[in-house]
Amino acid sequence: MKRVKALPYTNWVLELEKAELDECVASLESGQVLYFPKLDFSVEEKEKANFSSELVSKDRKNISYDPLKDELKGCSGGFETQDVIHQMMKRYSSVVNEFVHSLFPEYKDHLTLARTSFRPVEIEGREAPSYRKNDTLLHVDSFPSSPTGGMRILRFFTNVNPFNKPRVWRVGEPYEAVAKRFLKEIKKPFPLSRVVMEKLGITKSYRILYDHYMLGIHNSMKADQNYQKEVDQERVEFPTGSSWTCFTDQVSHAVVSGQYVFEQSFYLSLEGLKHKESSPLGIMEKLLKQKVTV
Ligand code: SIN
Ligand code: FE
């Protein structure tokens with residue numbers, strides 16, 4: 001199976017035939033990256049004039065926007081700059097939300113719009129606070145304090161680099177191969193530890209077994225330097241003016257270089273999936289021979 005599937009859409013509002021829609025969902029759920037080489041988000045001149053790596057507040061990686069609260073976080077600069085960036089991210093979020101709904105209409109009742117992020121800092125040479133937070137290492141997405149409770153993480157990206165610099169990723173092996181390799185070395189959680197973590201606010205909600213093993217896989221992948229080098233992988237370049245999307249909890253990915261990228265996150269509940277057996281949860285339950293939703 002090819003890791004990346006290129007699609008010719010140039011318009012943020014799609015009207016596709018059923019067969020084409022079904023194929024997009026099947027590709028996405030099988031763990032491919034859907035890549036739109038000519039799907040550009042137009043940034044206005046006054047917005048571009050504010051582009052700088054200094055836009056991000058000191059203690060953060062990215063500027064974050066919450067479309068549900070219409071709230072911007074992590075943007076430095078004066079009121080005017082903040083307002084320009086706020087409006088730009090709001091527009092991106094809305095355009096992507098519409099696109100994703102027109103590309104996956106059958107997800108409609110199962111899809112939740114989450115955070116938008118703008119990433120104006122060059123990846124190459126950036127220091128990560130720890131290896132676990134280092135996204136230049138191959139990983140599947142899983143976040144220690146935010147268990148998804150089994151929900152899927154769907155992310156949509158657009159490269160808006162004004163200097164034609166591509167966003168470069170490495171894409172690794174299929175999820176089943178990743179899980180086969182790492183699941184066996186992950187210990188079961190200590191009894192009650194997950195209840196305690198939720199009570200103390202270490203996790204924002206209860207970490208189900210699925211979250212526990214996903215985080216274990218995420219950490220083990222990043223910790224294994226040999227795996228990072230030796231595993232079957234492909235370098236993929238996403239040029240300025242292109243967009244791409246995938247389930248980042250399924251696609252093994254690492255960011256290599258690039259600057260000025262948008263990302264819009266969504267959560268998809270398991271009931272929304274067309275092919276549950278190919279999801280990380282389906283594969284995990286098959287390999288572990290047990291339910292992981294507890
Ligand atoms: C990641 O999701 O690990 C980083 C992707 C990116 O910023 O290009
Ligand atoms: Fe990631």
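A: Thr-248 is in the loop between strand E9 (243–247) and strand E10 (253–257). Helices (H or I, at least four residues) and strands (E, at least two) are DSSP runs, numbered from the N terminus. This is a predicted model: local features need pLDDT of at least 70, side-chain atom pairs count only at pLDDT 80 or more, and totals for chains, interfaces and linings use all residues. Residues are numbered from 1 along each chain as its sequence is written, chains are lettered from A and ligands numbered from 1 in the order in which they are written, and side-chain values use heavy atoms, with hydrogens and water left out.

Is Thr-248 buried or exposed? Thr-248 is buried, at a relative accessible area of 0%. Buried means under 20% relative accessible area, exposed over 50%, partly exposed in between (1.4 Å probe, protein chains only). Neighbours within four places in sequence aside, Thr-248 is in contact with Val-140, Asp-141, Ile-153, Arg-155, Phe-157 and His-253. Contact means heavy atoms within 4.5 Å.

Next, the strand after the loop. In E10, 4 of 5 residues are buried. E10 pairs with strand E7 (residues 167–171) in the antiparallel sense, over 4 bridges. Two strands pair if DSSP finds at least two bridges between them. Opposite His-253 of E10 stands Val-171.

Over the ring of Phe-247 sits the charged end of Arg-152, 4.0 Å from the ring centre. The test is NZ of Lys or CZ of Arg within 6 Å of the ring centre and within 35 degrees of the ring normal. E9 is also among the elements that cover the buried residues of helix H1, along with strand E1 (4–6), strand E2 (33–36), helix H3 (79–103) and strand E6 (152–159). Those buried residues of H1 are Leu-21, Cys-24, Val-25, Ser-27, Leu-28 and Glu-29. H1 (residues 18–29) has 12 residues, which should span 16 Å at 1.5 Å a residue; its end C-alpha atoms are 16 Å apart, which agrees. The expected span is 1.5 Å times one less than the number of residues. Just after H1, Gly-31 takes a positive phi of about 100 degrees.

Last, the aromatic rings. The structure holds 21 aromatic pairs. Rings of Phe, Tyr and Trp (its six-membered ring) pair if their centres lie within 6.5 Å; planes under 30 degrees apart count as stacked, over 60 as edge-to-face and the rest as tilted. One of the pairs is Phe-41 with Phe-262, edge-to-face at 5.3 Å centre to centre and 80 degrees between the planes. Both Phe-41 and Phe-262 are buried.
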